[in-house]
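Me: I have just opened this one and would like to go through it slowly. Can you walk me through some pieces as I ask?

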Amino acid sequence: MGGITQKVYFGYHADVATFPPKPVAPATLETAAALTGDLTMKAGKRMFEMYLTDDTGEFKIDPVGEVDGKSFVSHLTLFHPGLQKKIIGFMNAAKNENLVFIVVDSNDNKFLMGDALRPAVYAGSPDGGGTGKTTASRAGMSAEFTYKTANIYLYEGNIPLTEATV
Amino acid sequence: MWKRYFKFIKLKPGKVVTAQFGQIDFSADNIGIEIIKALYESGFPYLEITEEGEAVLYVDVSKLGNTDKKIMPKRSKKTEIISSEMLED
C-alpha cells in the first residue's frame with residue numbers, strides 16, 4: 001500500500017537530546033536498515049504532531065551524487081488544510097529552523113528525517129498556500145521538507161508527544 | 001489501576017506514539033494492564049515497575065516454597081472413581 005498516514009511528527013533539531021544510534025557492522029540487510037532505540041528530547045521539550053489531508057503527503061527518496069560518492073535526499077511533502085493559527089505559526093517557526101520529522105507510511109514503516117549531524121529543513125511550498133480563488137477551493141498550506149543523508153534508516157522507537165522531564 | 005503497578009517516567013504524563021500499540025495517553029487511568037505489561041516487557045523506556053507491581057505481576061515462584069510439588073487441577077470425585085477403577089483393570 002502506498003502513501004503516508006495522515007499525521008507526521010516533528011520537533012526542533014536543537015530540542016533533541018539523543019538520536020537513536022545507527023547500525024554498526026550489521027549482519028543482515030534488515031539490521032542495516034533499522035535504527036535501534038528511541039529519539040529522546042531535552043527536558044521541557046517534546047515532539048508535535050501535524051495533520052495532513054489524506055493522499056496529499058509523500059515521502060520520497062532521491063539518490064544523489066556521483067559514483068563512489070552516492071548519498072540520498074529524502075523529501076517530505078504535505079498539505080495541511082485551513083489557515084489556522086497553528087499552521088501559520090508552524091510555517092513562521094519552521095521556515096528557517098532545523099527540524100526533525102518522523103514520517104509513518106501506510107505500512108507502519110517510520111522514517112526519521114534528521115540525525116545528530118544533519119536536520120530536516122523547510123524547502124518551500126510545492127503546491128502553494130493560501131485561500132484559493134473560489135469558495136469551492138481548498139484553503140491551506142503545502143510544504144516540503146528535505147533531509148540529506150548518507151543512508152536511509154527506519155525508526156523503530158517511540159515518539160514522545162509530551163514534555164521530557166529529565 | 002495500572003498506575004498502582006507501573007510508574008510513567010522521564011516524560012510528563014501524556015501521549016506517546018508507541019512502536020507496539022500506536023498512540024497511548026498515559027495520563028489516562030484506564031489503559032489495560034496487559035498493554036502496559038507488554039510495553040514494559042518489550043523495554044519501553046517510559047515505564048518503571050512499582051514494588052506492588054513487582055509483587056503482584058512478577059511473583060518469584062522459587063521464593064514460595066514447595067516448588068518441587070506440582071500443583072494439579074482439582075478433579076471431581078466421579079473422575080477419581082473412574083480413574084481408580086481403570087487402574088484396577
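Me: Which residue in β9(A) is the bridge partner of A:Phe101?
Reply: In this predicted model, the bridge partner of A:Phe101 in β9(A) is A:Met113. That belongs to an antiparallel pairing between β8(A) and strand β9, residues 110-113 of chain A, which extends over four bridges.

Me: And how many residues sit between β8(A) and β9(A) in the hairpin?
Reply: There are four residues between them, and one of the turn residues, A:Asp108, has a positive phi of about 70°.

Me: What else does β8(A) pair with, say on the β1 side?
Reply: Strand β1, residues 4-12 of chain A, pairs with β8(A) in the antiparallel sense, over six bridges. Within β8(A), A:Val103 is the residue that stands opposite A:Val8.

Me: Is β8 of chain A mostly covered or mostly open?
Reply: Strand β8, which spans residues 99-105 of chain A, is mostly covered, with six of its seven residues counted as buried.

Me: Switching topic: how many residues of chain A are in contact with chain B?
Reply: On the chain A side there are 13 residues, and they are in contact with eleven residues of chain B. Sorted by class, that side of chain A has six nonpolar residues, four polar ones and three charged ones.

Me: Which strands join the two chains, and in what sense do they run?
Reply: Strand β14 of chain A, residues 159-160, is joined by two bridges to strand β2 of chain B, residues 15-18, and the two run antiparallel. Here A:Ile159 stands opposite B:Val17 in β2(B).

Me: What is the strand order in the sheet there?
Reply: The order is β14(A)-β2(B)-β3(B), in an open sheet of three strands with antiparallel pairing. The edge strands are β14 of chain A and β3 of chain B, residues 22-25, each of which pairs on one side only.

Me: How many bridges hold β2(B) to β3(B)?
Reply: Four bridges join β2(B) to β3(B), and these strands run antiparallel. As one of the details, B:Thr18 has B:Gly22 as its bridge partner in β3(B).

Notes
Residues numbered from 1 in each chain as written. Chains lettered and ligands numbered in written order. Predicted model: local features only at pLDDT ≥ 70, side-chain atom pairs only at ≥ 80, totals over all residues. Buried ≥ 20, exposed ≤ 12 C-beta atoms within 10 Å, placed from the backbone. Pairing = 2+ DSSP bridges. Contact = placed C-beta atoms within 7 Å. Nonpolar A, V, L, I, M, F, W, Y, C, P; charged D, E, K, R; others polar.
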